[in-house]
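Please read the points below with the sequence and the model open side by side. They are set out as a colleague's note, one topic to a point.

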Amino acid sequence: MSESGTLRTIRTDIPARLDRLPWSRFHWRIVIGLGTVWILDGLEVTIVGSVASRMTQKGSGIHMSSGDIGTAAGIYVAGACVGALFFGQLTDRFGRKKLFIVTLGLYVVATLATAFAFAPWYFFLIRFFTGAGIGGEYAAINSAIDELIPARNRGQIDLTINGSYWVGAALGSLGSLILLNTSWVSLHIGWRIAFGIGGILGLGIMIVRRHVPESPRWLFIHGREQEAERIVDRIENEVRAETQRELPRPQGSIAVRQRRVIPFREIARGAAQRYPRRALLGLALFVGQAFLYNAVTFNLGTLLSGFFGVASGQVPYFMVIFAVSNFLGPLLLGRLFDTVGRKPMIMATYFGSAIVTAILAALLMNNNLTDWSFFALVLVTFFIASAGASSAYLTVSEVFPMESRALCIALFFAVGTAVGGITGPLLFGQFINSGSRNLVAVGFLIGAGVMLLGGVAEMFFGVRAEQQSLENIARPLTAEEAEAESEGREPAPQPDLGARGARIAERKVRQSQRERSGGRRYAPGVGSSFYSPGLAGTGGQNSRTAAMADEAEDSEIEEVSDALHDNGTMDRAALEKLVNGKGWGPGRFRKALGEAVFESRARRTSAHAYSPPERGNDH
């Protein structure tokens, strides 16, 4: 609560202050302190899969059968689902930092305890708690990252962090080559070391994570706005000292009615009633990626050995290449989710992976694949699909109100994993056991189908969230209450934007005409809103978002024009540095410069140089 102990309706510009920050060392600390847990998850799952066979051998120090290993894997997944739901609601209630410390602590303790397993029942119990810690991390970390990373970088960073799971998977595959070598590590020690490594790495991450602040967005909604202000002040001072530049003015503010506790039923009802289409979208994206990923990943080694004659000792090498391909997908494609846009990129990754998977199935049915041609198609499929899978987490964390963000991540992760993540491996396992290539091909076709459904859901229900403030994408429930309380009051006088408003209105007409021409007219989803000077902060959500984006774009065009007017002809790179165009976000300086030239507010004099407009053309 606030230091005075009272809760009230406040207006704050904290979201805008966080979103306009240039990239800095603070943001790298967020990435390292919060994002690296996905590496741990990948390391954990891969090493366990690799060393599991050792635990079934005589002399391993624990008496487990192959059936026990399968049971343990199912219990781990169940623990992740339960942990996501349990810790997800606690994250929304008690704060991001408390829960990402608690969930990482649970993971570390449970993983280290696994190294001392002595009986199947003990192993099952500890694996459940390990999964619960990881499941809780998904909810706490995704919500915290999205609330601390600037809007213009959110897509790329979120996708890359979620994709870093495969860095851990690659390391796990390489590590298993050493741990499975009994000439280097004894049979009863190797698998224990594997679990110990994960716990020790988790302790290292815990040290970094202690310095990550609580989400200021969560703080001001829960009555602790003074603490939120101090945190943001400290971050801004650090960024100023690092960049040696004054920060741009924040654009926009939001009114919220503070609440100590928001009941679960109120959160669920608000999200379901206001965003039913977004709920269907999240479900489709999660089920699709969970089915395809779990079905193929858990059975890839068996497919390579059983159908293409790859020796079991060579499978870890294939898994390393598979993991690298999966990481490169979101790493290389992630930036496009912020520049090209969420909807076209999510559609492209889901449709693209579905098409390649269908081609793989057809070739498999016709027996036209060798081990390497099969594996090459798998690599292409999951290079594309990995960016789509990561975008499922990004989508759910963006499109629901802040009060329910962590819970929604947890809910869709749990449901998607339960529906797709469990049925996929079971179905594929039965097809593989049949020994029929045709049945395995049918399994791939089913995977293509569920990914196709995810793409269709994005086509009709997707949200254009790129470079938008979280509060504009989904207004906090408490903000809606604050606005409702003000109904009946005299409306605030609207600003007279004069020439600026006319410029923006003219620009929107021109852009609208471009959208209605050529192939753009077939683009699905909600179109752009027409600009009105009174829209900012007064109209519906789509109108507010459009107006704020239009005004930010106009300010950037103005900066380009003023810089040329004051300094004369300039090289493009020097102009970008002068106006700090890189700090505006990916592609924004290029767009502002292009619009300035189109509107005759700047003139291109050579391939890389620009000058003020000729006299008489200056608007």
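1. An open sheet is built from 3 strands in the order 3-5-4, with antiparallel pairing; strands here are DSSP runs (E) of at least two residues and helices are runs (H or I) of at least four, both numbered from the N terminus, and two strands pair if DSSP finds at least two bridges between them. Strand 3 (570-571) and strand 4 (603-604) are the edge strands, each pairing on one side only. Strand 4 is joined to strand 5 (residues 609-611) in the antiparallel sense over 2 bridges, and arginine 603 stands opposite serine 611 in strand 5.

2. This is a predicted model, in which local features need pLDDT of at least 70 and side-chain atom pairs count only at pLDDT 80 or more, while totals for chains, interfaces and linings use all residues. Residues are numbered from 1 along each chain as its sequence is written, and side-chain values use heavy atoms, with hydrogens and water left out.

3. Strand 1 (residues 9-12) pairs with strand 2 (residues 254-257) in the antiparallel sense over 4 bridges, and arginine 257 in strand 2 is the bridge partner of threonine 9.

4. Leaving aside residues up to four places away in sequence, phenylalanine 374 touches several residues, including Leu300, Phe308, Leu360 and Phe444, where contact means heavy atoms within 4.5 Å.

5. Helix 2 (residues 25-35) and helix 11 (residues 225-243) have axes that come within 9 Å and cross at roughly 120°, the axes being lines fitted to C-alpha atoms over the stretch in contact and the angles running from 0 to 180 degrees between N-to-C directions. The two helices are therefore oblique to each other, since angles under 35 degrees count as roughly parallel, over 145 as roughly antiparallel, 65 to 115 as roughly perpendicular and the rest as oblique. Arg25, Phe26 and Arg29 in helix 2 meet Ile235, Glu238 and Glu242 in helix 11.

6. Overall, the protein has 26 helices and 5 strands, and 55% of its 619 residues count as buried.

Terms used:
Buried < 20%, exposed > 50% of the residue type's maximum accessible area, 1.4 Å probe, protein only.
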